[in-house]
Amino acid sequence: MTADTWGQNQWLKKPQDVLVSRGGNVTFECQSPNNSTNIVWTQGPKVVFNNGYRTVVTPLHFSLTTPFTLSITGVQDQDAGQYGCNVLDYGSVSAQLTVAVLPGLPSLTLSHLGDIFREGESISMTCQSVGGKPLPTITWMKNGVQLVMPSMDVTGNVSRSTLNVTLSHSDHGANYTCFVYNLLNEYQPLIVSRIFSVQYSPIISFDPFGPYTVRLGQPAQVTCLVDANPSVNTVTWQKDEHILPNVQPVLSFKAVSRQDSGNYTCYAANSLNSATPTRLSIYISVVYPPNVTVPSSLTVQEGTPLSVNCTVDANPDPWEVKWEKINGDGSRVQVSRSQSLVMTNVSRSDQGSYSCQASNRLSIADSAATENVESKATMTLFVSYPPGLAVISKVFNISIGQKLVLTCSADPEGYPSATFQWWKTDKELSQNASFVIDKVSLSDTGNYTCIPRNSQGSGLSAQVTVSVNEPPSLTTTLPETMTDVINSSQFPVSAVVSGYGSHLMINRVGAGDFGSYQCVAVNVMGNVTQTLTITTKSTPEAPFDLKVLDTTWESVHLQWTAGFDGGYIQQFKLQYQETDDKGSGMQEKPDEAINVTWYNVTGLKPSTTYKLAVFALNFLGASKPSTTITSQTSGTQCGCHKMSMDVIREMLI
């Protein structure tokens with residue numbers, strides 16, 4: 001160590017401590033500010049140079065290369081020591097020379113013979129080096145990592161360090177290195193090493209690490225990583241208590257299901273532990289959104305309590321379960337924050353749709369993110385209660401023959417939906433909401449009662465009165481004409497209109513009572529009229545509406561309508577004449593009068609046009625002829641005559 005008796009800042013140059021190996025060269029410099037050359041160099045107590053001159057004890061390999069520089073070449077062990085520089089009338093300074101020797105090459109000995117080791121064995125490794133100056137330091141490293149310094153043992157010039165190790169699987173292939181160094185080779189130490197081959201039972205790890213989380217329906221794969229020496233013989237998997245038919249290190253799922261959640265154990269064995277294989281377990285958690293189950297519908301009697309449980313299957317468990325009521329506009333109102341929907345006294349206003357919603361958070365393996373997921377299920381709540389007051393649709397004036405529809409509802413409607421009983425007096429008519437009569441008659445007039453009912457009871461009845469209207473109609477027919485009633489003491493005439501009778505009575509009929517009388521019946525639906533003529537007896541009136549029904553080559557078939565018979569039985573005759581006949585006049589047929597209103601005039605000429613008329617006869621005489629018509633016979637003579645169906649039909653009427 002450099003010593004300075006005057007202060008270091010006052011020297012231009014001063015000697016420095018030096019470490020040199022045997023045979024090396026060393027220089028010491030010493031110069032004061034006044035550049036004085038009156039310098040004495042000492043080695044310990046000996047003076048080796050005095051004012052530039054050697055002394056008797058100065059070694060030959062010592063020299064002054066400058067007045068201020070002491071040089072030593074081929075340094076020997078005895079050159080070690082303290083060297084001083086004394087400047088006359090100024091001061092002195094010193095420095096240490098250390099002569100170092102490299103330690104000897106290290107050797108490594110083991111307490112265990114052989115090259116094969118097993119885990120759990122304890123061994124000692126001794127690293128030894130001979131010589132070295134200064135004495136060497138011995139350190140240990142394992143795979144390049146510094147180990148805790150064990151104690152050193154120095155005997156003479158032999159340095160030793162012993163490292164005690166209990167071997168484990170981590171020592172297999174490990175490189176234990178001993179480092180030996182002193183000041184000369186501190187940065188290039190001498191080394192000796194040993195790589196161990198250690199046998200050990202299987203060590204299991206998983207890729208990915210557990211617990212392993214996977215989304216429902218996704219593929220999954222877990223690898224059983226096995227480290228062993230010697231290599232493993234078998235690798236098996238077990239789920240819970242069941243051995244899986246998979247002897248491979250990789251456990252694969254194409255698409256995981258809920259049932260795949262569980263504890264999986266990997267077993268591995270080599271020749272060291274075949275009786276008790278190594279095992280390690282990993283938990284596979286199949287996560288999935290909530291599966292919510294509620295009754296699709298539920299019917300509860302009004303006034304009773306209600307408790308409905310919302311069943312939720314989810315992994316992980318839901319962090320929230322709540323019930324909401326869904327309003328008609330789609331808005332929602334929360335009614336419960338638990339899995340149970342509870343009502344102590346159900347009312348009809350509680351009827352509607354309810355939704356149970358469950359939420360959980362899914363975290364996926366290899367991801368720090370979580371996903372919040374929701375699931376819902378809907379239940380319709382029906383509240384049963386009896387119907388209220390029956391309401392019957394209005395009935396307006398209805399006429400006979402029209403369709404009658406009576407419709408009944410209930411307010412409130414009640415649940416379940418009401419059925420409706422229709423009654424008229426004591427007779428049940430129908431059990432439908434609507435009662436229909438396709439064509440009403442007068443007998444349908446009356447009071448109709450509707451009673452709503454459901455399984456919860458009956459509502460209040462309602463009644464409607466139905467009045468069936470009809471226009472008047474005559475149920476008796478008056479004679480069109482009455483004759484020969486002069487001086488009758490009484491002349492009674494009766495008419496009945498839809499059950500209502502009307503009577504005309506004329507006492508002692510005279511000429512002034514002759515004429516036409518009308519029986520008129522009127523109501524809001526319409527009216528009906530019938531005319532009666534009172535007259536004296538006379539010849540018949542002329543027939544009218546004469547027409548030809550059919551013709552042949554020698555006949556014309558006629559038909560007509562009879563007029564008033566004048567008060568006596570009337571008969572008919574026909575008149576006919578060729579249109580070209582100017583002299584003979586009208587001929588009559590038949591010879592005897594007939595009492596029917598049709599006749600076939602025969603014996604006519606073919607292809608001839610005739611004028612035809614008909615007149616009536618009674619006890620008082622003949623009527624005027626009817627309006628004359630013309631008809632031409634056909635020009636073809638045949639021995640047969642086929643009358644048309646229309647003609648036959650007219651004759652039969």
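Mentor: Start with one term: buried means under 20% relative accessible area, exposed means over 50%, and partly exposed lies in between (1.4 Å probe, protein chains only). Take Cys-224: at 3% relative accessibility, Cys-224 counts as buried. Note that this is a predicted model: local features need pLDDT of at least 70, side-chain atom pairs count only at pLDDT 80 or more, and totals for chains, interfaces and linings use all residues. Residues are numbered from 1 along each chain as its sequence is written, and side-chain values use heavy atoms, with hydrogens and water left out.

Trainee: How many disulfides does the structure hold?

Mentor: A disulfide is a pair of cysteine sulfur atoms within 2.5 Å. The structure holds five of them.

Trainee: What pattern do the disulfides follow?

Mentor: Count the bonded cysteines along the chain. The pattern is then 1-2, 3-4, 5-6, 7-8, 9-10.

Trainee: Which cysteine does Cys-224 join?

Mentor: Cys-224 is joined to Cys-266, with S to S at 2.0 Å. The pair links distant parts of the chain, 42 residues apart: Cys-224 is in strand S22 (residues 220-229) and Cys-266 in strand S26. Strands here are DSSP runs (E, at least two residues), as helices are (H or I, at least four), numbered from the N terminus. The link of Cys-224 and Cys-266 has -90° about the S-S bond and is left-handed. Cys-266 counts as buried, at 0% relative accessibility.

Trainee: How far apart are the sulfur atoms of Cys-30 and Cys-85?

Mentor: They are 1.9 Å apart, and the two residues form a disulfide. Cys-30 lies in the loop between strand S3 (26-29) and strand S4 (39-43), and Cys-85 in strand S9 (residues 81-87), so the pair ties together parts that are 55 residues apart in sequence. The link of Cys-30 and Cys-85 is left-handed, with -85° about the S-S bond.

Trainee: Are Cys-30 and Cys-85 buried or exposed?

Mentor: Cys-30 is buried, with a relative accessible area of 0%. Cys-85 is buried too, with a relative accessible area of 0%.

Trainee: Why is the disulfide of Cys-408 and Cys-450 given a hand?

Mentor: Read the torsion about the S-S bond. For Cys-408 and Cys-450 it is about -95°, so the disulfide is left-handed. Cys-408 lies in strand S38 (residues 404-411) and Cys-450 in strand S42 (residues 446-454), so this pair ties together parts that are 42 residues apart in sequence. The sulfur atoms of Cys-408 and Cys-450 are 2.0 Å apart. Cys-408 and Cys-450 are buried.

Trainee: Where is Thr-265 found?

Mentor: Thr-265 is in strand S26 (residues 262-269). At 8% relative accessibility, Thr-265 counts as buried.

Trainee: What joins the side chains of Thr-265 and Ser-281?

Mentor: Think of a polar contact: a pair of N or O atoms within 3.5 Å; within protein, one must be able to donate a hydrogen and the other to accept it, and residues adjacent in sequence count only if both atoms are side-chain atoms. A polar contact of 2.6 Å joins the side chains of Thr-265 and Ser-281.

Trainee: Which residues are in contact with Thr-265, leaving aside its neighbours within four places in sequence?

Mentor: Contact means heavy atoms within 4.5 Å. With those neighbours left aside, Thr-265 is in contact with Thr-236, Trp-237, Gln-238, Arg-279, Leu-280 and Ser-281.

Trainee: Where is Leu-184 placed?

Mentor: Leu-184 sits in the loop between strand S18 (175-181) and strand S19 (190-195). At 30% relative accessibility, Leu-184 counts as partly exposed.
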